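This briefing goes through the structure below by topic, for a reader who wishes to look at each site while reading. Please keep the sequence and the model at hand.

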Amino acid sequence: MLVVPLQINGKDVTTSKTIDVTNPSTSSVIHKASSAGIPEALAAVEAAEAAFPAWSDLPANQRRDIFLKAADILERRMEEVGKWQEEEAGATTFYSTGFDAPNAVNQLRDVAGKISGIEGTVPSLQDPKRGALVMKEPYGVILGVSPWNATYTLGFRSVTFAIAAGNTAVFKASETAPRSLGVIGTVFREAGLPDGVLNVIQTAPEDAAAVTKALIEHPTVKKINFTGSTAVGRQIAKLAGENLKPVLMELGGKAPAIVLADADLALAASMCALGAFMHSGQICMSTERVIVDKSISKEFAEQMKSAIEAMFPSSGEPLVLVSGVGVKKNKALLKDAKSKGAEILYGDINAEEAAPERMRPVVVKGVKKEMDLYYTESFGPTVSLIEVENEDEAIKIANDTEYGLASSVFTKDLARGFRVAKRIESGAVHINSMTVHDEAALPHGGVKGSGWGRFGAPGLDEWVKTKTITFLK
(Lines give C-alpha, C1' and ligand atoms only; values in the text may rest on other atoms or scores of the structure.)
Protein backbone atom coordinates (compact mmCIF):
# COMPACT_ATOMS: atom_id res chain seq x y z
CA MET A 1 0.00 0.00 0.00
CA LEU A 2 1.20 3.51 -0.84
CA VAL A 3 2.78 5.45 2.03
CA VAL A 4 2.79 9.22 1.49
CA PRO A 5 6.20 10.52 2.64
CA LEU A 6 7.23 13.68 4.42
CA GLN A 7 9.27 16.08 2.27
CA ILE A 8 12.27 17.47 4.15
CA ASN A 9 15.23 19.23 2.54
CA GLY A 10 14.23 18.08 -0.92
CA LYS A 11 14.01 14.40 0.01
CA ASP A 12 11.16 12.00 0.70
CA VAL A 13 11.24 10.83 4.32
CA THR A 14 9.26 7.90 5.68
CA THR A 15 8.60 7.15 9.32
CA SER A 16 7.79 3.99 11.24
CA LYS A 17 4.57 5.53 12.48
CA THR A 18 1.90 5.96 9.82
CA ILE A 19 -1.61 7.39 9.44
CA ASP A 20 -4.49 5.58 7.74
CA VAL A 21 -6.04 7.77 5.02
CA THR A 22 -9.69 7.04 4.28
CA ASN A 23 -11.78 7.74 1.19
CA PRO A 24 -15.02 9.19 2.63
CA SER A 25 -16.95 8.14 -0.48
CA THR A 26 -16.22 4.46 0.21
CA SER A 27 -15.31 4.50 3.93
CA SER A 28 -12.21 2.47 3.05
CA VAL A 29 -8.50 3.02 3.75
CA ILE A 30 -6.88 3.93 0.43
CA HIS A 31 -3.29 4.55 1.53
CA LYS A 32 -1.14 5.50 4.48
CA ALA A 33 0.97 8.55 5.30
CA SER A 34 4.16 8.96 7.26
CA SER A 35 3.57 10.74 10.56
CA ALA A 36 6.05 13.38 11.69
CA GLY A 37 7.07 13.51 15.31
CA ILE A 38 8.95 16.35 16.96
CA PRO A 39 12.35 15.20 15.55
CA GLU A 40 11.08 15.29 11.96
CA ALA A 41 9.35 18.64 12.53
CA LEU A 42 12.54 20.17 13.89
CA ALA A 43 14.53 18.71 10.98
CA ALA A 44 12.13 20.50 8.63
CA VAL A 45 12.72 23.79 10.45
CA GLU A 46 16.49 23.32 10.34
CA ALA A 47 16.35 22.62 6.60
CA ALA A 48 14.32 25.78 6.04
CA GLU A 49 16.74 27.78 8.16
CA ALA A 50 19.74 26.54 6.20
CA ALA A 51 18.07 27.34 2.87
CA PHE A 52 17.02 30.88 3.81
CA PRO A 53 20.21 32.89 3.12
CA ALA A 54 20.63 31.69 -0.47
CA TRP A 55 16.91 31.78 -1.27
CA SER A 56 16.38 35.30 0.08
CA ASP A 57 19.35 36.52 -2.00
CA LEU A 58 18.15 34.87 -5.21
CA PRO A 59 17.24 37.49 -7.84
CA ALA A 60 13.52 38.11 -8.16
CA ASN A 61 13.40 37.04 -11.80
CA GLN A 62 14.79 33.61 -10.92
CA ARG A 63 12.22 33.13 -8.16
CA ARG A 64 9.52 34.27 -10.59
CA ASP A 65 10.55 31.69 -13.18
CA ILE A 66 10.27 28.88 -10.63
CA PHE A 67 6.72 29.97 -9.80
CA LEU A 68 5.70 30.15 -13.45
CA LYS A 69 7.12 26.69 -14.05
CA ALA A 70 5.26 25.39 -10.98
CA ALA A 71 2.01 26.78 -12.39
CA ASP A 72 2.61 24.96 -15.69
CA ILE A 73 3.36 21.70 -13.88
CA LEU A 74 0.23 21.91 -11.71
CA GLU A 75 -1.87 22.72 -14.77
CA ARG A 76 -0.43 19.71 -16.60
CA ARG A 77 -1.17 17.45 -13.62
CA MET A 78 -4.68 18.85 -13.08
CA GLU A 79 -6.61 15.65 -13.78
CA GLU A 80 -4.24 13.50 -11.72
CA VAL A 81 -4.17 15.70 -8.63
CA GLY A 82 -7.89 16.39 -8.89
CA LYS A 83 -8.53 12.66 -8.63
CA TRP A 84 -6.45 12.49 -5.45
CA GLN A 85 -8.51 15.27 -3.90
CA GLU A 86 -11.71 13.45 -4.82
CA GLU A 87 -10.42 10.29 -3.15
CA GLU A 88 -9.12 11.90 0.06
CA ALA A 89 -11.62 14.71 0.66
CA GLY A 90 -14.73 13.41 -1.09
CA ALA A 91 -14.66 16.33 -3.52
CA THR A 92 -16.62 16.27 -6.77
CA THR A 93 -14.83 16.64 -10.11
CA PHE A 94 -16.59 19.99 -10.53
CA TYR A 95 -14.97 21.19 -7.32
CA SER A 96 -11.51 19.61 -7.66
CA THR A 97 -10.58 20.15 -11.31
CA GLY A 98 -13.20 22.79 -12.10
CA PHE A 99 -12.62 25.13 -9.16
CA ASP A 100 -9.91 24.35 -6.61
CA ALA A 101 -6.90 23.25 -8.69
CA PRO A 102 -7.43 25.90 -11.43
CA ASN A 103 -7.64 28.54 -8.70
CA ALA A 104 -4.25 27.39 -7.40
CA VAL A 105 -2.73 27.59 -10.90
CA ASN A 106 -3.96 31.17 -11.23
CA GLN A 107 -2.62 31.92 -7.75
CA LEU A 108 0.88 30.75 -8.69
CA ARG A 109 0.93 32.93 -11.80
CA ASP A 110 -0.48 35.93 -9.99
CA VAL A 111 2.10 35.64 -7.20
CA ALA A 112 4.89 35.24 -9.75
CA GLY A 113 3.99 38.67 -11.10
CA LYS A 114 4.27 40.24 -7.64
CA ILE A 115 7.75 38.99 -6.82
CA SER A 116 9.64 41.87 -8.43
CA GLY A 117 7.27 44.45 -6.94
CA ILE A 118 8.55 44.54 -3.35
CA GLU A 119 9.52 48.15 -2.80
CA GLY A 120 10.99 50.32 -0.08
CA THR A 121 10.90 54.10 0.34
CA VAL A 122 13.36 57.00 0.67
CA PRO A 123 11.76 59.46 3.11
CA SER A 124 12.88 63.06 3.59
CA LEU A 125 14.32 63.75 7.05
CA GLN A 126 14.44 66.92 9.14
CA ASP A 127 18.23 67.13 8.94
CA PRO A 128 19.34 67.74 5.33
CA LYS A 129 22.67 66.09 6.14
CA ARG A 130 20.92 62.79 6.88
CA GLY A 131 19.34 60.28 4.54
CA ALA A 132 17.20 57.23 5.17
CA LEU A 133 16.05 54.05 3.50
CA VAL A 134 12.97 52.09 4.56
CA MET A 135 13.49 48.54 3.34
CA LYS A 136 11.28 45.45 3.13
CA GLU A 137 12.94 42.17 4.05
CA PRO A 138 11.67 38.59 4.37
CA TYR A 139 11.10 37.28 7.90
CA GLY A 140 12.97 33.99 7.61
CA VAL A 141 11.22 30.67 8.25
CA ILE A 142 7.41 30.72 8.01
CA LEU A 143 5.13 28.01 9.40
CA GLY A 144 2.01 27.38 7.30
CA VAL A 145 -0.86 25.19 8.54
CA SER A 146 -3.62 24.31 6.11
CA PRO A 147 -6.79 22.15 6.17
CA TRP A 148 -8.11 19.53 3.75
CA ASN A 149 -11.23 21.21 2.40
CA ALA A 150 -9.70 23.32 -0.39
CA THR A 151 -6.51 21.36 -0.84
CA TYR A 152 -4.85 23.34 -3.59
CA THR A 153 -6.16 26.87 -3.07
CA LEU A 154 -5.51 26.88 0.67
CA GLY A 155 -2.49 24.58 0.62
CA PHE A 156 -0.52 26.55 -1.95
CA ARG A 157 -1.67 29.84 -0.41
CA SER A 158 -0.16 28.92 2.95
CA VAL A 159 3.34 28.93 1.42
CA THR A 160 3.39 30.61 -2.01
CA PHE A 161 3.16 34.23 -0.89
CA ALA A 162 5.72 33.68 1.85
CA ILE A 163 8.23 31.90 -0.40
CA ALA A 164 7.75 34.46 -3.17
CA ALA A 165 8.79 37.20 -0.74
CA GLY A 166 12.08 35.40 0.00
CA ASN A 167 11.08 33.43 3.08
CA THR A 168 11.45 29.67 3.48
CA ALA A 169 8.68 27.49 4.83
CA VAL A 170 7.56 24.49 6.81
CA PHE A 171 4.13 23.41 5.64
CA LYS A 172 2.10 21.32 8.10
CA ALA A 173 -0.50 19.58 5.95
CA SER A 174 -3.75 18.06 7.13
CA GLU A 175 -3.45 14.34 7.79
CA THR A 176 -6.86 13.91 6.13
CA ALA A 177 -5.50 14.70 2.65
CA PRO A 178 -1.71 14.19 2.75
CA ARG A 179 -1.31 12.95 -0.82
CA SER A 180 -3.20 15.92 -2.23
CA LEU A 181 -1.40 18.44 -0.06
CA GLY A 182 1.92 16.76 -0.77
CA VAL A 183 1.45 17.92 -4.36
CA ILE A 184 2.47 21.39 -3.19
CA GLY A 185 5.94 20.10 -2.39
CA THR A 186 6.35 17.87 -5.44
CA VAL A 187 5.22 20.57 -7.86
CA PHE A 188 7.73 23.08 -6.49
CA ARG A 189 10.47 20.45 -6.40
CA GLU A 190 9.90 19.61 -10.06
CA ALA A 191 9.89 23.33 -10.85
CA GLY A 192 13.42 23.66 -9.46
CA LEU A 193 12.82 25.09 -6.00
CA PRO A 194 16.08 24.64 -4.06
CA ASP A 195 16.19 21.98 -1.35
CA GLY A 196 14.98 23.14 2.04
CA VAL A 197 13.03 26.17 0.84
CA LEU A 198 9.77 24.25 1.27
CA ASN A 199 9.34 21.32 3.64
CA VAL A 200 6.08 19.37 3.92
CA ILE A 201 5.04 17.33 6.94
CA GLN A 202 1.88 15.78 8.31
CA THR A 203 1.33 14.25 11.71
CA ALA A 204 -1.08 11.89 13.45
CA PRO A 205 -3.91 13.66 15.32
CA GLU A 206 -2.68 12.48 18.72
CA ASP A 207 0.72 14.11 18.06
CA ALA A 208 -0.53 17.28 16.38
CA ALA A 209 -0.65 19.52 19.46
CA ALA A 210 2.89 18.66 20.59
CA VAL A 211 4.37 18.96 17.10
CA THR A 212 2.64 22.28 16.43
CA LYS A 213 3.78 23.63 19.80
CA ALA A 214 7.38 22.64 19.05
CA LEU A 215 7.24 24.35 15.66
CA ILE A 216 5.75 27.60 17.00
CA GLU A 217 8.18 27.74 19.90
CA HIS A 218 11.24 27.12 17.72
CA PRO A 219 13.25 30.38 17.66
CA THR A 220 13.90 30.05 13.93
CA VAL A 221 10.18 30.18 13.04
CA LYS A 222 9.43 33.89 12.64
CA LYS A 223 5.77 33.98 11.56
CA ILE A 224 2.80 31.61 11.40
CA ASN A 225 -0.23 31.41 9.15
CA PHE A 226 -3.14 29.16 10.03
CA THR A 227 -6.30 28.32 8.12
CA GLY A 228 -8.84 26.25 10.02
CA SER A 229 -11.41 26.33 12.79
CA THR A 230 -11.80 29.23 15.18
CA ALA A 231 -11.39 26.90 18.16
CA VAL A 232 -7.97 25.67 17.01
CA GLY A 233 -7.07 29.17 15.83
CA ARG A 234 -7.45 30.44 19.39
CA GLN A 235 -4.91 27.87 20.58
CA ILE A 236 -2.47 28.76 17.78
CA ALA A 237 -2.86 32.48 18.52
CA LYS A 238 -2.27 31.89 22.23
CA LEU A 239 0.95 29.98 21.55
CA ALA A 240 2.11 32.57 19.05
CA GLY A 241 1.35 35.36 21.51
CA GLU A 242 3.29 33.66 24.29
CA ASN A 243 6.26 33.50 21.91
CA LEU A 244 5.70 37.04 20.58
CA LYS A 245 5.35 35.90 16.98
CA PRO A 246 3.04 37.44 14.37
CA VAL A 247 0.31 35.21 13.01
CA LEU A 248 -2.14 35.40 10.12
CA MET A 249 -5.47 33.69 10.80
CA GLU A 250 -8.23 32.67 8.38
CA LEU A 251 -10.80 30.90 10.52
CA GLY A 252 -14.45 29.82 10.51
CA GLY A 253 -17.50 31.57 9.15
CA LYS A 254 -21.27 31.85 9.31
CA ALA A 255 -21.67 33.59 5.98
CA PRO A 256 -24.91 35.52 5.41
CA ALA A 257 -26.49 36.16 2.03
CA ILE A 258 -28.96 39.07 2.11
CA VAL A 259 -31.68 38.91 -0.55
CA LEU A 260 -33.36 42.31 -0.82
CA ALA A 261 -36.84 42.85 -2.22
CA ASP A 262 -35.54 44.13 -5.56
CA ALA A 263 -33.16 41.21 -6.15
CA ASP A 264 -33.05 39.04 -9.25
CA LEU A 265 -34.59 36.04 -7.52
CA ALA A 266 -33.43 33.42 -10.01
CA LEU A 267 -29.85 34.65 -9.73
CA ALA A 268 -30.01 34.91 -5.94
CA ALA A 269 -31.54 31.45 -5.60
CA SER A 270 -28.91 29.78 -7.78
CA MET A 271 -26.03 31.58 -6.06
CA CYS A 272 -27.34 30.77 -2.59
CA ALA A 273 -27.84 27.11 -3.51
CA LEU A 274 -24.35 26.80 -4.95
CA GLY A 275 -22.78 28.81 -2.13
CA ALA A 276 -24.47 26.66 0.50
CA PHE A 277 -23.94 23.18 -0.91
CA MET A 278 -20.81 23.22 -3.09
CA HIS A 279 -18.31 20.76 -1.58
CA SER A 280 -21.13 19.67 0.76
CA GLY A 281 -21.01 23.04 2.55
CA GLN A 282 -17.52 22.29 3.86
CA ILE A 283 -16.00 25.66 2.96
CA CYS A 284 -15.31 28.43 5.47
CA MET A 285 -17.13 30.85 3.13
CA SER A 286 -20.16 28.58 2.56
CA THR A 287 -23.53 30.33 2.73
CA GLU A 288 -24.97 29.42 6.14
CA ARG A 289 -27.77 31.99 6.40
CA VAL A 290 -30.02 33.34 3.67
CA ILE A 291 -31.64 36.50 5.01
CA VAL A 292 -34.55 37.37 2.74
CA ASP A 293 -37.07 40.20 2.62
CA LYS A 294 -40.43 38.84 3.80
CA SER A 295 -42.27 40.31 0.81
CA ILE A 296 -40.47 38.01 -1.63
CA SER A 297 -39.66 35.13 0.73
CA LYS A 298 -42.24 32.66 -0.57
CA GLU A 299 -41.28 33.12 -4.23
CA PHE A 300 -37.58 33.04 -3.38
CA ALA A 301 -37.97 29.80 -1.40
CA GLU A 302 -39.57 28.10 -4.39
CA GLN A 303 -36.82 29.36 -6.69
CA MET A 304 -34.14 28.14 -4.29
CA LYS A 305 -35.71 24.70 -4.01
CA SER A 306 -35.75 24.47 -7.79
CA ALA A 307 -32.11 25.57 -7.97
CA ILE A 308 -31.05 22.96 -5.41
CA GLU A 309 -32.93 20.25 -7.26
CA ALA A 310 -31.24 21.24 -10.52
CA MET A 311 -27.72 21.27 -9.05
CA PHE A 312 -28.01 18.51 -6.46
CA PRO A 313 -30.96 16.38 -7.63
CA SER A 314 -32.75 14.21 -5.09
CA SER A 315 -32.65 11.40 -7.63
CA GLY A 316 -28.84 11.52 -7.68
CA GLU A 317 -26.15 10.56 -5.21
CA PRO A 318 -26.18 12.27 -1.79
CA LEU A 319 -23.42 14.69 -0.91
CA VAL A 320 -20.25 13.33 0.68
CA LEU A 321 -18.77 14.83 3.84
CA VAL A 322 -15.21 14.14 4.89
CA SER A 323 -16.41 12.12 7.90
CA GLY A 324 -19.55 10.93 9.61
CA VAL A 325 -18.90 13.39 12.42
CA GLY A 326 -20.04 16.24 10.18
CA VAL A 327 -23.26 14.45 9.30
CA LYS A 328 -24.03 13.82 12.98
CA LYS A 329 -23.33 17.46 13.83
CA ASN A 330 -25.61 18.79 11.09
CA LYS A 331 -28.47 16.45 11.95
CA ALA A 332 -28.18 17.34 15.63
CA LEU A 333 -28.35 21.06 14.80
CA LEU A 334 -31.36 20.50 12.54
CA LYS A 335 -33.24 18.35 15.05
CA ASP A 336 -32.64 20.92 17.78
CA ALA A 337 -33.97 23.68 15.51
CA LYS A 338 -37.04 21.68 14.52
CA SER A 339 -37.81 20.77 18.13
CA LYS A 340 -37.84 24.50 18.92
CA GLY A 341 -40.21 25.47 16.11
CA ALA A 342 -38.17 25.67 12.89
CA GLU A 343 -39.65 24.37 9.64
CA ILE A 344 -37.82 22.11 7.19
CA LEU A 345 -38.36 23.66 3.74
CA TYR A 346 -36.25 21.22 1.74
CA GLY A 347 -34.74 17.84 2.52
CA ASP A 348 -35.32 15.15 5.13
CA ILE A 349 -33.40 15.43 8.38
CA ASN A 350 -34.20 11.82 9.27
CA ALA A 351 -33.01 10.32 5.99
CA GLU A 352 -30.57 7.43 6.33
CA GLU A 353 -28.06 7.13 3.50
CA ALA A 354 -25.94 4.17 2.43
CA ALA A 355 -22.84 5.48 4.22
CA PRO A 356 -22.42 7.56 7.39
CA GLU A 357 -20.45 10.25 5.51
CA ARG A 358 -23.36 11.03 3.17
CA MET A 359 -26.12 13.61 3.55
CA ARG A 360 -28.46 15.50 1.22
CA PRO A 361 -29.05 19.29 1.26
CA VAL A 362 -31.42 20.70 3.86
CA VAL A 363 -33.01 24.16 4.03
CA VAL A 364 -34.58 25.17 7.32
CA LYS A 365 -36.85 28.18 7.89
CA GLY A 366 -37.60 30.09 11.06
CA VAL A 367 -34.27 29.69 12.84
CA LYS A 368 -34.24 31.74 16.05
CA LYS A 369 -31.57 32.77 18.55
CA GLU A 370 -32.50 30.07 21.03
CA MET A 371 -31.68 27.37 18.46
CA ASP A 372 -28.11 26.04 18.28
CA LEU A 373 -28.07 26.43 14.50
CA TYR A 374 -28.52 30.21 14.75
CA TYR A 375 -24.96 30.81 15.95
CA THR A 376 -23.11 27.54 15.27
CA GLU A 377 -21.17 27.05 12.02
CA SER A 378 -22.67 23.89 10.52
CA PHE A 379 -19.81 23.27 8.05
CA GLY A 380 -22.10 20.96 6.13
CA PRO A 381 -25.09 20.81 3.75
CA THR A 382 -27.41 22.88 5.93
CA VAL A 383 -28.62 26.43 5.30
CA SER A 384 -31.08 28.61 7.23
CA LEU A 385 -33.65 30.87 5.57
CA ILE A 386 -34.48 33.83 7.80
CA GLU A 387 -37.23 36.33 6.95
CA VAL A 388 -36.85 40.04 7.72
CA GLU A 389 -39.06 43.10 7.43
CA ASN A 390 -36.51 45.55 6.04
CA GLU A 391 -32.89 46.31 5.15
CA ASP A 392 -31.90 47.40 8.65
CA GLU A 393 -33.15 44.16 10.20
CA ALA A 394 -31.31 42.15 7.54
CA ILE A 395 -28.01 43.87 8.36
CA LYS A 396 -28.59 43.45 12.11
CA ILE A 397 -29.08 39.69 11.73
CA ALA A 398 -26.17 39.38 9.28
CA ASN A 399 -23.88 40.94 11.91
CA ASP A 400 -25.33 38.91 14.80
CA THR A 401 -22.53 36.34 14.78
CA GLU A 402 -19.04 35.89 16.19
CA TYR A 403 -17.77 35.40 12.63
CA GLY A 404 -17.02 37.80 9.79
CA LEU A 405 -15.35 36.15 6.81
CA ALA A 406 -17.60 36.36 3.73
CA SER A 407 -21.08 37.56 2.82
CA SER A 408 -23.34 38.39 -0.11
CA VAL A 409 -25.98 40.97 -1.01
CA PHE A 410 -28.49 40.54 -3.83
CA THR A 411 -30.12 43.64 -5.33
CA LYS A 412 -30.64 45.20 -8.74
CA ASP A 413 -29.62 48.59 -7.30
CA LEU A 414 -25.81 48.64 -7.19
CA ALA A 415 -25.73 51.80 -5.05
CA ARG A 416 -27.98 50.09 -2.51
CA GLY A 417 -25.73 47.05 -2.64
CA PHE A 418 -22.69 49.18 -1.80
CA ARG A 419 -24.58 50.86 1.03
CA VAL A 420 -25.50 47.54 2.58
CA ALA A 421 -22.02 46.09 1.96
CA LYS A 422 -20.42 48.94 3.95
CA ARG A 423 -22.51 48.03 6.99
CA ILE A 424 -21.81 44.30 7.01
CA GLU A 425 -19.07 43.21 9.43
CA SER A 426 -17.17 40.92 7.08
CA GLY A 427 -13.81 40.60 5.37
CA ALA A 428 -15.55 40.41 2.00
CA VAL A 429 -18.99 41.22 0.61
CA HIS A 430 -20.00 39.94 -2.83
CA ILE A 431 -22.79 41.83 -4.54
CA ASN A 432 -24.98 39.57 -6.71
CA SER A 433 -22.64 36.62 -6.34
CA MET A 434 -22.24 33.73 -3.91
CA THR A 435 -20.36 34.01 -0.63
CA VAL A 436 -17.67 31.57 -1.84
CA HIS A 437 -15.06 33.64 -3.67
CA ASP A 438 -11.29 33.64 -3.31
CA GLU A 439 -8.58 34.63 -5.79
CA ALA A 440 -5.01 35.83 -5.46
CA ALA A 441 -5.73 39.31 -6.83
CA LEU A 442 -7.95 40.09 -3.82
CA PRO A 443 -7.15 40.42 -0.11
CA HIS A 444 -8.67 37.45 1.70
CA GLY A 445 -9.32 37.19 5.41
CA GLY A 446 -11.85 37.92 8.10
CA VAL A 447 -12.81 40.05 11.07
CA LYS A 448 -14.05 39.16 14.54
CA GLY A 449 -13.85 35.40 15.15
CA SER A 450 -12.89 34.74 11.54
CA GLY A 451 -9.33 35.91 12.11
CA TRP A 452 -7.04 38.71 11.05
CA GLY A 453 -4.39 39.47 8.47
CA ARG A 454 -4.81 39.00 4.72
CA PHE A 455 -3.70 36.51 2.13
CA GLY A 456 -3.48 37.87 -1.41
CA ALA A 457 -3.16 41.53 -2.35
CA PRO A 458 -1.74 44.06 -1.75
CA GLY A 459 1.50 42.68 -3.07
CA LEU A 460 3.52 40.60 -0.65
CA ASP A 461 3.46 43.05 2.26
CA GLU A 462 2.09 40.47 4.71
CA TRP A 463 5.27 38.45 4.28
CA VAL A 464 7.99 41.09 4.70
CA LYS A 465 9.18 43.10 7.68
CA THR A 466 10.17 46.76 7.63
CA LYS A 467 13.71 47.91 8.40
CA THR A 468 14.79 51.57 8.66
CA ILE A 469 18.39 52.54 7.83
CA THR A 470 19.63 56.11 8.36
CA PHE A 471 22.98 57.54 7.32
CA LEU A 472 24.99 60.73 7.24
CA LYS A 473 25.51 62.05 3.72
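Is Leu133 buried, exposed or partly exposed, judged by its relative accessible area? The model is a predicted one, and in it Leu133 has a relative accessible area of 33%, so Leu133 is partly exposed.

**The largest pocket**

- The largest pocket holds about 1,100 Å³ of space, and its lining is made up of 41 residues, of which Pro147, Trp148, Gly228, Ser229 and Val232 lie nearest its centre.
- Among the elements that each supply at least two residues of this lining are the helices α7 (205-217) and α11 (324-339), together with β10 (221-227) and α8 (230-242).
- The largest share of the lining of the largest pocket comes from α8, which gives six residues.

- Thr153 is found in helix α5, which covers residues 151-164, and its relative accessibility is 4%, so Thr153 counts as buried.
- When residues up to four places away in sequence are not counted, Thr153 touches Asp100, Asn103, Ala104, Gln107 and Asp438.
- Ser270 has its place in helix α9, which covers residues 265-277, and this residue counts as buried because its relative accessibility, 19%, is under the 20% limit.
- With residues up to four places away in sequence again left out, the residues that Ser270 touches are Ala307 and Met311.

**Salt bridges**

- Side chains of opposite charge can pair when their charged atoms come close, and the structure holds 30 salt bridges, three of which are described here with the accessibility of each partner.
- Arg77 and Glu80 form a salt bridge in which the closest N and O atoms are 2.9 Å apart; Arg77 counts as buried at 13% relative accessibility, whereas Glu80, at 37%, counts as partly exposed.
- Arg416 and Glu391 meet through their side chains in a salt bridge with an N to O distance of 2.8 Å, and this pair links distant parts of the chain, as Arg416 is in helix α14 (residues 414-423) and Glu391 is in helix α13 (residues 391-398), 25 residues apart.
- Arg416 is buried, with a relative accessible area of 18%, and Glu391 also counts as buried, at 12% relative accessibility.
- Asp392 forms a salt bridge with Arg423, the closest N and O atoms lying 2.9 Å apart, and this pair too links distant parts of the chain, with Asp392 in helix α13 and Arg423 in helix α14, 31 residues apart.
- Asp392 is partly exposed, with a relative accessible area of 47%, and Arg423 is likewise partly exposed, with a relative accessible area of 38%.
- Salt bridges that share partners join Asp262, Glu391, Arg416 and Arg419 into one network.

**Loop residues with positive phi**

- Phe379 is not a glycine, and yet this residue has a positive phi of about 50°; Phe379 lies in the loop between α12 (372-375) and β18 (382-388), and at 24% relative accessibility Phe379 counts as partly exposed.
- Lys448, which is not a glycine either, has a positive phi of about 55°; the place of Lys448 is in the loop between β20 (428-431) and β21 (451-452), and Lys448 is partly exposed, with a relative accessible area of 37%.

Definitions and conventions: Residues numbered from 1 in each chain as written. Predicted model: local features only at pLDDT ≥ 70, side-chain atom pairs only at ≥ 80, totals over all residues. Heavy atoms only, no water. Buried < 20%, exposed > 50% of the residue type's maximum accessible area, 1.4 Å probe, protein only. Helix = DSSP H or I, 4+ residues; strand = E, 2+ residues; numbered from the N terminus. Contact = heavy atoms within 4.5 Å. 1 Å grid on protein atoms, 1.4 Å probe; cavity = no way out; pocket = protein on both sides within 12 Å on 5 of 7 lines; lining within 4 Å. Points joined across faces, edges and corners; volume = space filled by probe spheres on them. Salt bridge = Lys/Arg side-chain N within 4 Å of Asp/Glu carboxyl O.
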